[in-house]
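Please look over the structure below before reading my notes. They are in numbered points.

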Amino acid sequence: MFLRRSMAANLAVSAGLALAGCGGDGPAVAPGDGPATTAAPPGTAPPPTPPIVPGGAGAPASGAMAPGPSPSMAGGTMPGAQPGVSPPPSTASGPSVTGDLPGDDPREVARRFLTAEDQAIELALMTEKARRAHQEHGITSERDPDSPVEVGEASTDGDSAEVAIRVEGPTGRLEGGRLRLRRENGDWRVHAMVIAATAEHPEIVMDLEKPMEMFGELGAMFSELEGAMEEGFDLFDEGDEADDAAQAAATFEAIEAIDLVAFRESFAVDLAVQGRPAGAVIAELAAPIGLELDRSKAPAEALEGPVTLSAEGLTRLEAIERVCEAVGLYATYGADPAEEFMAGFEGDAVTPVPGPRPWPVAFAGPFAIEVAGVEQRPTGTGTLRLRVLGVGLPPAVAAMIGADPFFELVTMGSVSGPADEDLSPDGQFPVTSSDSEPPEGVVDVTLDVPLVGLLRSVGAIAEVTGRVEIPIPTEVMTVSLAPFAPGTAREAEGIRVSLRGEIPDQATLELERLGANDMDMRWHRHLFLVGRDERGEPVPARMAGGAGGPEEYSGFLDLGGQPVALDVKLAKGVEPFAADFRLGQIPLKDFGRMPEAIASLEFDGGEAPVSAELVAFREPRGGQQQQPFGGSGPSYTLRIVNHSNKDVRRLVLEVTYFDEDGNAVGNAPPLNFTYEPHLVPSRGEREMEQSGFFVPKEAVSAAFRTREVGMTDGTTWEAAEEE
């Protein structure tokens, strides 16, 4: 028995702050709205970009909500936690904490608890029972200081209190909830966390005093993990590396050349049915794409009902839908769209469901694009959720899509209302998520499309257009580098592939084009690797960043073991397959609650609706400047003031730094903040901590110019261009 590391990381027991699978109000940072990035020095990997630029260390704010960094949440773990099991301490007494801790104000206790970078402080702010439970089970966590948290108002009832909070959820969105506190020895201390109910999930209560019971089965799994480790069994070393190696090998083997014409023919079908039972026709259409008919949700009389249909040039999923419609059913795959929350694709069945389809569906090539729901917000904005599902795809196509993190399966066209008004916001783009391990031949992607202009007069989305585009590998080259040693090189089909660097720790893979007419070497989206050990078994191998141009390319290798050979596949020829789709008349159920019109922007004085000023540079701690990158200047506190009548969700600032003589000593890349549900409320302000990464060491002051402001109602203000 073994437990994969990824599974262990999902055991949400550390401080009870897990939000696995919870919904939210929208992405904390939409693609295109995030912080500016800069290239790393040559030969180095770039520093990771935090999900929220303006993370800080618990800066106070004068607005209703006090911002500060929260634990980050990924894959269902506690925000920012890396749960681990360590030997229990010899005593369950309170941790040693230097300095005073808050106790009189439950709101301040909540803020310090959520922003504590030292776990001793986190434990000290828990009730004694919660602290003992965490120490008994050796639960540890590490905080991410760049993740957002908001602390709201507190309500008290005798010796009990609740504080409204918002923390970053697994999708990067801020999740609402409450911290529960109890007064112990005169001080407020945290004992539970509540995640507020939404349309997507019920209210979740996580008891810090019973961490092993918080998630039932997960608690039992963690107890099993503890017991196994106490017996000296290593759960991690073999299991997940073996799985990674098997996955790498399966992906590598899947990549093969595909004939584009044959691919088009693989999902096309003609219907010529005369009086046959619907269930039998559905089963025949589903079998070639690896699906079986699940009869559990459809009335027997519907599936036995006779169908007469004639149509040419349909896709298999569209043909299945046509047959279902003919007998009063609609087809589901892995999840019911009526739930308005898409699960990962499960099983290998098509399940007809009685009744009309609750939301529209369209078909493009081998894909079905179905509406999974629409969220509307009182600001006149919202989110359209689309599910893009492909079943029975050639393994090479599914592998090409899954292996490229930058590939965009869907390109949105237009989203329009009943009067042909544009409902797409400027500067915001769809957010894509998908199951990391779908079944073979399945691509299942969820697309959250932002919406604006959802006024009371807009009762439906009249039209949504877009395009599905997938890469088809039409020519594949394979080489094997053995031995796995510096200088090993192979030439094939106009390309030289070489190993360089210190093996294996700093191994580099290099590709060189031998002729002017050979393949462009900006190849990294179409390269597949697998290592081989001395027994020929697979060893995980992947690229971990690189650089180059059309003539040559090189990148660092990330290896999961000790390979003696490296197999390389390169998709030299890739042809795009594209198909357009259209969805029409998507009902908006909450249009009656929307505003009648979007208010005009008003702000008091000044040149911009939002201004920013430097509060102070932070003093070095312990005589040394604590910065994440060498050579950076001092970090600082920034105050943002909203002078307008609208809540602000996005802000772009230009910054110039000055020395003690008032001379400009440098500019930083624009600061680009995006917070949900808002960055600064109307007529409000907030203070934020900023890193000193781009700050010159001689800087003593800074000036900020507002370049762009995005409002929560989808409108945007932009500064005039400087002459």
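Predicted model: local features only at pLDDT ≥ 70, side-chain atom pairs only at ≥ 80, totals over all residues.

1. Residues are numbered from 1 along each chain as its sequence is written, and side-chain values use heavy atoms, with hydrogens and water left out.

2. In helix H8 (residues 278-286), the buried residues are Ala278, Gly279, Val281, Ile282, Leu285 and Ala286. Buried means under 20% relative accessible area with a 1.4 Å probe, protein chains only; helices (H or I, at least four residues) and strands (E, at least two) are DSSP runs numbered from the N terminus. These residues lie on the same side of H8 because they cover an arc of only 165° around the axis, taken from the directions from the helix axis to the C-beta atoms.

3. The buried residues of H8 pack against strands including S9 (268-277) and S13 (349-354), and against helices H9 (300-303) and H10 (316-326). Contact means heavy atoms within 4.5 Å.

4. An open sheet of 5 strands runs in the order S14-S15-S16-S19-S18, with antiparallel pairing; two strands pair if DSSP finds at least two bridges between them. Its edge strands are S14 (361-364) and S18 (431-434). S15 (residues 367-376) and S16 (residues 382-390) pair over 9 bridges, and Gly373 stands opposite Arg385 in S16.

5. The largest nonpolar core has 44 residues, of which Leu409 and Ile470 touch the most other members. Apart from it lies another core, of 31 residues, among them Val281 and Ile282. A nonpolar core is a set of buried Ala, Val, Leu, Ile, Met, Phe, Trp, Tyr and Cys residues joined through side-chain atoms within 4.5 Å.

How values were computed:
Buried < 20%, exposed > 50% of the residue type's maximum accessible area, 1.4 Å probe, protein only.
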